[in-house]
Amino acid sequence: MQKLIQGIHRFQDMVFAPRQDFFRKLAEGQAPQALFITCSDSRVVPDLICQTDPGDLFVIRNAGNIIPPYVPGTSCGVAATVEYGLKVLKIPHIVVCGHTNCGAMNAVMDIEMTAELPSVRQWLGYAQASASIVRTCYQHLPPDKQRRVVVQENVLVQLEHLRTHPAVAAALASQQLTLHAWVYKMETGEVFAYDSSSGQFELLRRDREATSGWSHEPPLASPQGVRHACVDL
Ligand SMILES: [Zn+2]
């Protein structure tokens, strides 16, 4: 805890004090550029990876960057935060960002790891489709490659869940929202973005345009209709 306490004082002296005007302005309201949905993993730090400032990213984090599908008559923290971000803050982009070496995704592929973790097991049920896709379409791959692929397939599955939320469906239909599927490769610091024209995650290029996510077309089928995750990611 000492590291945290020292850090707070260093933040106040070295970061906040020189940019007081910026922080005071922020206190008046927020207009984030993107809703960033990622894993709780301590090694994935959205503002560090994207080099964004306070106020830039509206963030949802949980084990496995999971978005439960919309269920009428119920709510959860993810659903409420997505709804607020779109309907009140009018956020124009949503990024779902998985990451390599994800403990949640390893557990999805080997559910016995959660034998003593009933809450985790239940939560990861929302990612069972991801494991099922990998076991069906990538059964020729060894387990370590399958663990890399399930991270990518899970980002796409969770984006499909996201579309079932009324606020998302409406924003997509009115072309006010663009969705982005990313995977952060923690070994190299690289980010791979799903390209719906190739049907594959590809290294995020410097010149990639913000509008090159997708706004309405289904992302899953590649031009050949074949699933082919980037196994080297
Ligand atoms: Zn993770």
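Modeller: A residue is called buried when its relative accessible area is under 20%, exposed when this is over 50%, and partly exposed in between, as found with a 1.4 Å probe on protein chains only. This is a predicted model, in which local features need pLDDT of at least 70 and side-chain atom pairs count only at pLDDT 80 or more, while totals for chains, interfaces and linings use all residues. Residues are numbered from 1 along each chain as its sequence is written, and side-chain values use heavy atoms, with hydrogens and water left out.

Side chains of opposite charge can pair when their charged atoms come close. Searching the whole structure gives six salt bridges, where the term stands for a side-chain nitrogen of Lys or Arg within 4 Å of a carboxyl oxygen of Asp or Glu. Let us look at some of them in turn.

One of the six joins the side chains of Arg19 and Asp53, with 3.4 Å from N to O. Arg19 belongs to the loop between helix 1 (2-16) and helix 2 (20-26), and Asp53 to the loop between helix 3 (46-49) and strand 2 (57-62), so this pair ties together parts that are 34 residues apart in sequence; helices (H or I, at least four residues) and strands (E, at least two) are DSSP runs, numbered from the N terminus. Both partners fall in the middle class of accessibility, since Arg19 is partly exposed with a relative accessible area of 34%, and Asp53 is partly exposed with 30%.

Another pair is formed by Lys25 and Glu28, whose side chains meet in a salt bridge at 3.5 Å, N to O. Here Lys25 is exposed, its relative accessible area being 57%, and Glu28 is exposed as well, with 63%.

A further salt bridge brings Glu187 and Arg148 together, and the closest N and O atoms of this pair are 2.7 Å apart. This pair links distant parts of the chain, for Glu187 is found in the loop between strand 4 (178-185) and strand 5 (190-195), whereas Arg148 is in helix 8 (residues 143-163), 39 residues away. Glu187 has 40% relative accessibility and counts as partly exposed, and Arg148, at 27%, also counts as partly exposed.
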